[in-house]
Amino acid sequence: MTPTQLSIRNLLLIATFAPLVSSMIVILLTRRVLYKAAGWLTFVVMGGAFACAAYAAIQWIGLPVADRLPIVTDVPWIPLAGNTAAGEARWLYLGIMVDGLTIVMMTMVTFIAMLVHLYSIGYMEGDKRYNRFFAYLSLFTFSMLGIVIANSIIMLFVFWELVGLTSYLLIGFWFEKRGPQLACKKAFVMNRVGDMGYLIGFGILFYHLGANVLLPATAQDGNMFAAVVRRLHELDPNFSILNPPIWLTAAGIGIFFGAIGKSAQFPLHTWLPDAMEGPTPVSSIVHSATMVAAGVYLTARIYPILTPGAHLFVATVGLITLVIAACMALVMTDIKRVLAYSTISQLGYMILGLGVGSWTFALYHLITHAFFKCCLFQCSGSVIHAAHHQQDMRYYGGLGKKMPITMTCYFICTLAISGASIPMTDWGISGFYSKDGILAGAVNHGDALGVLLGPLAKLYFWLPMGVAFLTVFYMTRSFALTFLGKPRDQHLYDHAHEAPWQMVLPQIALAILAIASAPFIMPFWQNLINESRSLMWDSGVHWVQPGVDHEMGHGIHYVHKWLGYGVGWIAMLVLGIAIYAPGLKTASRIVRIPGIGVIHNWLVNKLYFDAFYDVFLVHAGKTVAYICSWVDKTIVDGLVNLAGWVTRAFAVVSGGVDNKLVDGAVNGAALAVQNGGNVLRATQPGRIRVYVLVFFLSATLVTLAVLAVVLSLR
């Protein structure tokens, strides 16, 4: 390892463990010692973590491209039974792996987390558990960084579960309220369902590869799952992805279920909107840089073991998710829930991108989305903060006059998520490049699937294309209802004001990055991600095609054509403002059109997914639990109780016989012996006079008896 590589590794280790240290300090010092300072302490530590990650990124970029090989460090953790063929001891390893994607994720996560910590100082001020919140937030960040830097499947799963635990603590932070109580439990349970699939997939790999699957990746592998493919080649030289074993497809889909849970993909998407019950800073980091990003990151890492069948499954899940979530976002009136469904839809784009082969653009969209979605949530938090925690947009209107900075940031990020560009040119802001790249991949995928699915294959392009227009419309709707038009609640409007600087500053920084993370301004995001993809190709994962960029370029031309060369988003923006700037009157008239009302009702009820789960899973589960409880209490406990009663009755009878008959006979014999002994004892009192008297009486009785006999004989 060169000195530069050593420096990068050490900087990233410091960046990973710094949030853990600050979290432990806040917990150990408690609120009596460290209450108000907890926020600033954790913010400064996160700032240091970001500085380390950023400097490591600068050093990495400064390396020649040929020298940007993965930096791998492994530490033996738990000894395993048996030795290797070379006689060496087998171990379960802890370790880190750093490649281009790791650098990108570390920089993005620490930067977002630093801004969220600063934002939280203003948002959480006055909360009675102020210091505890920052301890949880730092621990949450540490968990995500652990996933990013992990170099073995086991280590990744440990941090994966730690993310689940800390998200449970943060979503349910205001646990005295009913809403957060239910939301954190729902998030926890839904994620465990996904994790069950992860464990099944891992179990399949373990069954076929044994302890080999537990070994860490080497510098030549690319990542731990690329290492799995290499071991497959070692175990079976005839292994080919063109004819993959069915168990590998099952394993890939199984592990992907973990991502379905974490990234709230269909059908496990229902927990994310409910997670809005947590504090808004939690929403901003969960929806951008940590939990939901973890699922996309995992899918990107398991890419080497995803067979063509698994790719089709991943793409289909992403396609369904992005469509249904966008439709639900159209009708929500809670500003945070609009953004929540928007997140699910954008995550669907990312998962679709991974499924259709747009690996680089899917992860690039993860980065750009992190900036503008975190900003959107922070803006919504500022609005909620100013509106005395009123989240319903029907009570807003005209807030742009009172909160111009927040409105500007929200509008910039609305343009970014809409993929806004200059009409008839290839110039746009960040979301334009990342989303169009995914759509271009969808074009190629649809063409490739045409042989298998026929005209249905075109849905993999047309549906995401249509949702791109819907995205502009529902985001414009939330912007217009909140900031434009006349106030619909005068009391709320009169008291609205711009948020404190601790909350405004992160919004401005994120809005700038939502624009500036475009490839022509900050090309390193996309380049570093692309290097990781190339590394998979170099390590032997041959279905990651190096020539996909050329095809993608043609696909983007096709995408631009159907998006109206940058005119389409403007049309949807104008339409959204025209309908919703005056309020919901026009929308209410539209809903009364026959047929639309039914669709609107379905969407308001979230396509009845919650009702379906409530009836067929929750209530069915309760019914099964009731039946099991009845069987347990009535039949099992009844049999046990009957056995106990019979045993007790037998014991009573047996005890009676023993106590009354057996013991009675023994006691009677003993009593008789005792009484006889007493009688005999009376004859031997130990006094001479008694003996003489007895002797005299006995002699008299004998004499009299003899005389009586003699006289009777005469």
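## An exposed lysine and its charged surroundings

In this predicted model, lysine 401 is exposed, with a relative accessible area of 65%, and its place is the loop that runs between helix H14 (359–386) and helix H15 (404–418). Lys401 also belongs to a surface patch of positive charge, in which it gathers with Lys486, Lys585, Arg589 and Arg592.

Side chains of opposite charge can pair when their charged atoms come close. The structure holds ten salt bridges, among them one in which the side chains of glutamate 531 and arginine 68 meet at 2.2 Å, N to O. Because glutamate 531 lies in helix H20 (residues 524–538) and arginine 68 in the loop between helix H2 (37–62) and strand S1 (71–83), this pair ties together parts that are 463 residues apart in sequence. Arginine 68 is buried, with a relative accessible area of 15%.

Arginine 301 forms a salt bridge with aspartate 99, and the closest N and O atoms of the two are 3.0 Å apart. This pair links distant parts of the chain, since arginine 301 is in helix H11 (residues 291–301) and aspartate 99 in the loop between strand S2 (89–98) and H3, 202 residues apart. Arginine 301 counts as buried at 4% relative accessibility, and aspartate 99 counts as buried at 2%.

## A salt-bridge network

Aspartate 610 forms a salt bridge with lysine 186, with the closest N and O atoms 2.8 Å apart. Aspartate 610 lies in helix H25 (residues 609–682) and lysine 186 in helix H6 (residues 178–209), so the pair ties together parts that are 424 residues apart in sequence. Salt bridges that share partners join Lys186 and Asp610 with Asp274, Arg337 and Lys606 into one network. Aspartate 610 is partly exposed, with a relative accessible area of 23%, and lysine 186 counts as partly exposed at 21%.

## Backbone features in loops

The peptide bond from phenylalanine 266 to proline 267 is cis, with omega near 5 degrees, and proline 267 is found in the loop between helix H8 (246–262) and helix H9 (271–274).

Methionine 424 is not a glycine, yet has a positive phi of about 65 degrees; this residue sits in the loop between H15 and helix H16 (430–453) and counts as exposed at 63% relative accessibility. Tyrosine 565 has a positive phi near 50 degrees, lies in the loop between helix H21 (548–562) and helix H22 (568–580), and is partly exposed, with a relative accessible area of 40%.

## A buried serine

Serine 120, in helix H3 (residues 100–123), counts as buried at 0% relative accessibility. Leaving aside neighbours within four places in sequence, serine 120 is in contact with Glu125, Phe133, Phe134, Leu137 and Pro281.

Terms used
Residues numbered from 1 in each chain as written. Predicted model: local features only at pLDDT ≥ 70, side-chain atom pairs only at ≥ 80, totals over all residues. Heavy atoms only, no water. Helix = DSSP H or I, 4+ residues; strand = E, 2+ residues; numbered from the N terminus. Buried < 20%, exposed > 50% of the residue type's maximum accessible area, 1.4 Å probe, protein only. Contact = heavy atoms within 4.5 Å. Patch = residues over 30% accessible without salt bridge, like charges linked within 9 Å, V, L, I, M, F, W, Y side chains within 5 Å. Areas by Shrake-Rupley, 256 points an atom, 1.4 Å probe, with all protein chains shown as cover. Salt bridge = Lys/Arg side-chain N within 4 Å of Asp/Glu carboxyl O. Lys, Arg positive; Asp, Glu negative; His and termini not counted. Charge placed at Lys NZ, Arg CZ, Asp CG, Glu CD.
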